[in-house]
Amino acid sequence: KRPAGAPDKSLARKVTKVGIVGAGLMASQMALLFARRLQVPVVLTDLDEERAQKGVSYVHNEVEKLLAKGRINSDKANRLKSLVTGSADKATAFAGADFVIEAVFEEMSVKKSVFADVEKVVSPECILATNTSSLSITEMASELEHPERVVGFHFFNPVAIMPLLEIVKGEQTDDATLATAFATGKGLKKTTILVSDSPSFIVNRLLGRFLGEVAKAVDAGTPIETADAAFAGVAPMPPFMLLGLVGPAIALHNNETLVKAFPERFYVSPLLEKVVEEKISSFYLPDLTIDPKVKALQVAP
Ligand code: 3HC
């Protein structure tokens with residue numbers, strides 16, 4: 001059955017090579033998924049060779065885990081490893097790519113400049129997809145020569161496990177781009193839904209409200225462990241563990257986008273701001289005594 005709002009699949013173009021901008025955790029998880037499900041070459045790119053190769057190493061490591069679990073045989077493992085490569089040179093890396101997705105820092109100016117660079121080295125039909133979790137697709141495409149090939153392609157963490165993919169249509173996204181995005185999502189075995197180009201789309205807007213309410217309780221004095229314990233059996237993952245999984249910086253950017261758009265409904269927690277400022281990755285670290293005057297920010301060792 002065609003997902004609601006998806007154009008006719010006959011408009012979809014074939015994807016034969018995938019380029020990824022960014023080689024961080026989300027990007028590397030995506031690389032493995034594209035290679036495994038579409039069985040096409042995937043190139044991870046980053047600012048330098050070392051970062052790009054770190055992404056490739058992540059993929060190789062995950063392939064080894066799949067092999068050890070018996071999910072794939074050694075031929076498949078070798079093939080997967082050979083499909084995923086890394087490079088710091090986008091011009092060479094993206095030659096012949098028909099689907100490039102970015103997963104870089106969640107800031108509009110950074111994403112715009114990434115797409116402007118990519119546009120110089122790919123064909124006019126190459127899809128430019130973004131894994132943004134909150135930013136406007138229309139604005140991201142606005143200064144490009146071919147804004148009609150830009151589409152939101154939003155995965156959830158862990159990419160291999162979470163079934164949903166939000167596909168976001170910008171004002172200028174054309175039907176061939178949208179049809180290709182849906183066909184690619186199906187090839188990745190994800191459940192695809194078309195969502196409107198509004199701040200944080202659907203899932204992160206709901207999550208922002210949910211996590212914002214929990215953060216308010218913690219900012220008012222509820223210990224983090226208590227807040228998390230309260231959700232055992234209610235949510236698949238307790239709220240502060242989830243914040244650690246998606247990354248505090250992403251969660252903060254998401255909340256900031258939402259507060260800007262809907263100030264009466266959303267909340268930026270000072271705890272979250274501090275955690276990002278201090279570059280702390282887990283809310284459970286014993287040294288999370290950020291401000292001794294604020295009791296709620298203290299976590300006992
Ligand atoms: N990375 C990769 N794989 C992971 C993983 C991770 N971080 N965590 C768990 N897995 C895999 C395990 O290896 C296992 O795979 P297997 O079946 O092949 O062995 C499978 O997931 C199930 O793992 P477990 O049985 O150990 O664990 P759980 O039953 O507790 O499930 C979970 C783990 C699926 C991560 C579950 O806790 C969950 O659903 N959590 C909520 C995740 C969520 O809400 N994600 C959305 C966040 S919002 C977002 O990403 C948007 C972004 O824009 C911010």
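Start your tour by selecting alanine 181, which is found in helix α7 (residues 175-187); helices here are DSSP runs of H or I with at least four residues, numbered from the N terminus. You are looking at a predicted model, where local features need pLDDT of at least 70, side-chain atom pairs count only at pLDDT 80 or more, and totals for chains, interfaces and linings use all residues. Residues are numbered from 1 along each chain as its sequence is written.

Is alanine 181 buried or exposed? Alanine 181 is buried, because 27 other C-beta atoms lie within 10 Å. The cut-offs are 20 or more for buried, 12 or fewer for exposed, and partly exposed in between, counting other C-beta atoms within 10 Å of the residue's own, with C-beta atoms placed from the backbone.

Valine 151 is 30 residues from alanine 181 along the chain, yet their C-alpha atoms are separated by 7.5 Å.

Now select Ile20, Met30, Ala31 and Val100. Of the 57 residues in the largest nonpolar core, these touch the most other members. Such a core is a set of buried Ala, Val, Leu, Ile, Met, Phe, Trp, Tyr and Cys residues joined through C-beta atoms within 7 Å. Helix α1 (residues 25-38) gives the most to this core, with eight residues.

A second, separate core has 13 residues, including Ala215 and Val218. To explore around those two, select helix α8 (residues 203-219): its 17 residues reach 24 Å from first C-alpha to last. Which residues of α8 are buried? They are Asn204, Arg205, Leu207, Gly208, Leu211, Val214, Ala215 and Val218. These pack against α9 (224-230), α10 (239-246), α11 (248-261) and α12 (270-277). After α8 comes glycine 221, with a positive phi near 125°.

Zoom out and colour domain 1 (9-195) and domain 2 (203-297), whose bounds come from an automatic or database domain assignment. Their C-alpha centres lie 28 Å apart, and eight residues of domain 1 are in contact with eight of domain 2.

Finally, colour by pLDDT, the predictor's confidence in each residue from 0 to 100. The protein averages 92, and 94% of the residues score at least 70. Over residues 289-301, the pLDDT is below 50. Where pLDDT is low, the predicted coordinates should not be read in detail.

Technical notes. Two residues are in contact if their C-beta atoms, placed from the backbone, lie within 7 Å. The expected span of a helix is 1.5 Å times one less than its number of residues.
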